[in-house]
Amino acid sequence: MLHILRFLFLLLLLLQVNLNAKEYAVVASFAYEDMPINKIKALFLKKSAYVGSLKIIPLNLSLGDTRRDSFEKNVLGMNFSTLKSYWNRQHYLGHRPPISLKSQKAMKTFIKNVQGAIGYIELKNVDSELNILYIWSDD
């Protein structure tokens, strides 16, 4: 009986952690099943510009947006200062950072209307017109 109670307690703790974690998705209007994280990183850092023959337009949310912070930490694996330094170096090579948009709604609209656009939003805001390329969560 004690083992069952311990198991239930641990299960409840795990559920509580998962209920509090926010889930996010990298989305696009084009289909690409299970895009590898290294491909997403290459697209957003502009080390790669195409998926097949499709020119990709990566999008960011505004600086300071918690969803952007989560994306940079969990998907790009970089913090603000590392990214700032990266884009300062890239500037001299003629590369610009991704376009920044003010809201998830603006990002969804842009992605739906511009071929090759790719961005990230909270998973709960994904609709049937968007294709999920990758999912992550804040633990």
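Is Lys108 buried or exposed, and what is its relative accessible area? Lys108 is buried, with a relative accessible area of 18%, where buried means under 20%, exposed over 50% and partly exposed in between (1.4 Å probe, protein chains only).

This is a predicted model, in which local features need pLDDT of at least 70 and side-chain atom pairs count only at pLDDT 80 or more, while totals for chains, interfaces and linings use all residues. Residues are numbered from 1 along each chain as its sequence is written, and side-chain values use heavy atoms, with hydrogens and water left out.

**View 1. Lys108 and Asp127 form a salt bridge.** Their side chains meet at 3.4 Å, N to O, a salt bridge being a side-chain nitrogen of Lys or Arg within 4 Å of a carboxyl oxygen of Asp or Glu. Asp127 lies in the loop between β6 and β7 and Lys108 in helix α5, so the pair ties together parts that are 19 residues apart in sequence; helices (H or I, at least four residues) and strands (E, at least two) are DSSP runs, numbered from the N terminus. Asp127 is partly exposed, at 25%.

**View 2. Glu129 pairs with Lys112 in a salt bridge.** The closest N and O atoms are 3.6 Å apart. Glu129 is exposed, with a relative accessible area of 51%, whereas Lys112 is partly exposed, at 29%.
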